Amino acid sequence: MKNYLLLCGGVGGAKLALGFKNSINSENLTIAVNTGDDFTHLDFKICPDLDTVMYTLAGESDVSKGWGRKDESWNMLSALREMNGETWFQLGDKDLATHIQRTQLIQSGFSLTEATHKLCESFKLPKYIYPMSNQPVETYIQTKNRLLSFQEYFVKLKCAPPVTDFVFKGLDKAEFNPDLTLSSYDEIIICPSNPYVSINPMLQLTTLNQYLGGFSDKVTVISPIVNSKSLKGPTAKMMLELDHDISVVTIGKFYQQYSKRIFIDPSDVEETTKLNELGYEVHCANLIMNNTLSKNSLAHEIIKLLESK
Ligand code: FO1
């Protein structure tokens, strides 16, 4: 069995990561997760994508919302609301325990990777989930009038302001997670996450950027665009605002320098020639992952192809 590295954002990436977890041995699986959405809220260190991946792989996620824990209660949030506290970012009672633990671990000197692995241990998960970096990289959304922090844009303003650009602060001091030795992976999978705000913060890290540029034959993109719509979140809306077509071809162009292979949904098959012209080998599979079977089937399709190479 080959070794797989998944580059992963939140909800969409976590679904595919679950398919991989159900399909291969944990020794063959490593998941590098976006931390550009991380922020400090009410003095807690919050890592939404790391938590989404951790909860999803542990069978603990709220599947309908896509974030947070299942069977959640909201007593703290209700009490905070009664005190006129800050409640725009919803923290459930069980989820809060994760943020308290992480904050304490980091304040007592553990790296984000170590804190992540300690949290994973309490969810009985092996050490296969890694933050993309131990240093902070913060995603900001440039809108016409203001530069917004990611969570302000995403949660407080519900992605409403039109986007003109993205800014990643902290890149000069951040390095790609040194625990992830890129040459030890046979295949690198770019999960169906938002390319602009979930995958791009990772691609901006020099070590990863240079490696993918040099080994693009190892890199497979799974399109987050299906039937000219985004699977989840604001990817399609952002494409429109940036004056790009909402299309798998836009995804192909975005990753052209890093990848030679792309999976698209059968509903986008008419774009195959354009993707071939961009240098891609194109594969078709059902990319809509709305139940366990479809998550596992997509992972199987990808693995079957890559193991045969
Ligand atoms: N997303 C929301 O839309 N509203 C929330 O109130 C919210 C709270 C929240 C708390 C913890 C956590 O780990 C994630 C949370 N998310 C919430 C999701 C998160 O902000 C986004 O899904 C990601 O940052 C985008 O990948």
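On a 1 Å grid over the protein atoms alone, a pocket is an open set of points where a 1.4 Å probe fits, with protein on both sides within 12 Å along at least five of seven lines, and lining residues have an atom within 4 Å of a point. Volumes are the space filled by probe spheres set on the points, with grid points joined across faces, edges and corners. The model is predicted: local features need pLDDT of at least 70 and side-chain atom pairs pLDDT 80 or more, while totals for chains, interfaces and linings use all residues. Residues are numbered from 1 along each chain as its sequence is written, and side-chain values use heavy atoms, with hydrogens and water left out.

**View A. The largest pocket holds about 700 Å³ of space.** Its lining has 36 residues, and V11, D49, T52, W67 and F154 lie nearest the centre. Helices (DSSP runs of H or I, at least four residues, numbered from the N terminus) that each supply at least two lining residues are α1 (11-21), α2 (48-57), α4 (93-107), α6 (150-156) and α7 (195-203). The most, 5 residues, comes from α2. By class the lining has 16 nonpolar, 14 polar and 6 charged residues; Ala, Val, Leu, Ile, Met, Phe, Trp, Tyr, Cys and Pro count as nonpolar, Asp, Glu, Lys and Arg as charged, and the others, Gly among them, as polar.

**View B. The second largest pocket holds about 280 Å³ of space.** Of its 19 lining residues, K15, T56, S61, V63 and K295 lie nearest the centre. At least two residues each come from α1, α2 and α12 (292-307), with α1 giving the largest share, 4 residues. The lining comprises 5 nonpolar, 9 polar and 5 charged residues.

View C. Rings of Phe, Tyr and Trp (its six-membered ring) pair if their centres lie within 6.5 Å, and planes over 60 degrees apart count as edge-to-face, under 30 as stacked and the rest as tilted. The Y55 and F123 pair is edge-to-face, at 5.7 Å centre to centre and 65° between the planes. Y55 lies in α2 and F123 in the loop between α5 (112-122) and β5 (129-131), so the pair ties together parts 68 residues apart in sequence. Both residues are buried (under 20% relative accessible area, 1.4 Å probe, protein chains only; exposed is over 50%, partly exposed in between).

**View D. Lysines sit over the rings of Y140 and F215.** The criterion is NZ of Lys or CZ of Arg within 6 Å of the ring centre and within 35 degrees of the ring normal. K169 is 4.1 Å from the ring centre of Y140, and the charged end of K218 is 5.4 Å from that of F215.
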